[in-house]
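Dear colleague,

Please find the structure below, handed over for your records. A summary of the findings comes after it.

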Amino acid sequence: MRKNVKIMLRRVAKSLHRVHSAVITNACANRRSKLTDSRYHEELYPGHILTSPIQKALLAVGSGVAALQDPYRHDMVAVLGETTGHLALLNLRDRMRNDPEGYTILTERPRIRLSTLDLQKMASLPEGSFGREYLSFLDDNHVTPDSRANVKFVDDEELAYVMQRYREVHDLLHTLLGMPTNMLGEVAVKWFEAAQTGLPMCALGALLGPLRLNASRLQSLVTSFGPWAVRNGRQARCVLCVFYERRWEQSLDDLRRELNIQPPPYMLT
C-alpha cells in the first residue's frame, strides 16, 4: 500500500513540477517587470513576490505534493506554508499583538540567525540552560538556523514577519519538546505546531507524515508522542509570544513550566 502511494506521489510530483516551476518563473518575471515601473518601486519587503490567487493555489498543490514525497524539502514546505496560511497567520498576529512580549517581538522584529547569536556566550552557559540546550540541539543534529528560507509569497509585510518568526522558532520548539530531527521527531513537532498554530501546512504534515513511519514508530506516535504533542500544543502559551533571545540563560525546565509544556514521555534517538 505504502509503495503504491509513493509511486503515485512520484508521478504526480513530476507532472506538477513543470507547472510549479512555470508559476514561479512567471511570478518572478512579473515582479521584475513591475520593478521597472516607478509605481512599483516600493516592495512590501525584500524578496517579496506578488502572486495571484490562482498562482498561489498552483504553488500550494505543487509544493504540497513535493513536500509529501520528500519531507526534507524545506523549500517546498516553506512555499506550502506561505501560500495556504493567511487566516492562521492573521490569528497568530492578533495573539502576538495582544500579548506584551509578543507585541515587543512584532515591534522589534528580531531574527534568529548565526549572525545574531552569540555562540561563544551560549556555549559558556551551564548545562540545562535553554541557550546551551539549543546549541547542543544544533550540534547534535547538524542543523543551522540559517537554513530557514526567507518568506516570499505572503502579501502582507507584518504577516510575512509572523511566518518568518514561526519558521525560525521551529528548531527552538524541537529543543523545548526534546524532539530530534528524525522522522518521528519531526512528525511529533508538526502535531504540536498544528494544534498550536492552526497552519494548514502543519496540519497536512501531521496528517500525512505518519505514512512515512515504520510500524513500531507509528505505534509510538499514535499511543504516546502524538497525544502528548497535541495536548501540549493546545495547552501551551503561544510559542510566538516568547522573546527567546532574552531567555538563553533561563533553565529549560523553568521555561517549559512557564509555557505549560510537559517533557516528552521518553527521549527519542
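This is a predicted model: local features need pLDDT of at least 70, side-chain atom pairs count only at pLDDT 80 or more; totals for chains, interfaces and linings use all residues.

Residues are numbered from 1 along each chain as its sequence is written, and side-chain values use heavy atoms, with hydrogens and water left out.

Overall make-up

The protein has 12 helices and 0 strands; these elements are DSSP runs numbered from the N terminus (helices: H or I, at least four residues; strands: E, at least two). Of its 269 residues, 48% count as buried (under 20% relative accessible area, 1.4 Å probe, protein chains only). The accessible surface comes to about 13,500 Å², and 55% of that belongs to carbon and sulfur atoms (Shrake-Rupley method, 1.4 Å probe). Among contacts between residues at least 6 apart in sequence, 74% join residues at least 24 apart, contact meaning heavy atoms within 4.5 Å.

Contacts of H4

Helix H4 (residues 86-97) packs on helix H8 (residues 157-177) at an angle of about 85°, the axes being 9 Å apart. Axes are lines fitted to C-alpha atoms, for helices over the stretch in contact, and angles run from 0 to 180 degrees between N-to-C directions. The two helices, H4 and H8, are therefore roughly perpendicular (65 to 115 degrees). On the H4 side the contact involves His86, Leu89, Leu90, Leu92, Arg93, Met96 and Arg97, and on the H8 side Glu158, Leu159, Val162 and Met163. By class, these residues are 7 nonpolar, 1 polar and 3 charged (nonpolar: Ala, Val, Leu, Ile, Met, Phe, Trp, Tyr, Cys and Pro; charged: Asp, Glu, Lys and Arg; polar: the others, Gly among them).

H4 also crosses helix H5 (residues 100-108), at roughly 110° and with the axes coming within 6 Å. H4 and H5 are therefore roughly perpendicular as well. Here Arg93, Met96 and Arg97 of H4 meet Gly102, Tyr103, Ile105 and Leu106 of H5. This contact divides into 4 nonpolar, 1 polar and 2 charged residues.

Helix H12

In helix H12 (residues 252-259), the buried residues are Leu252, Leu255, Arg256 and Leu259. They cover an arc of only 100° around the axis, and therefore lie on the same side of H12 (the arc is that of the directions from the helix axis to the C-beta atoms). The buried residues of H12 pack against helix H7 (130-141) and H8. Asparagine 260 follows H12 and has a positive phi, near 65°.

Technical notes. Angles under 35 degrees count as roughly parallel, over 145 as roughly antiparallel, 65 to 115 as roughly perpendicular and the rest as oblique. Buried means under 20% relative accessible area, exposed over 50%, partly exposed in between (1.4 Å probe, protein chains only).
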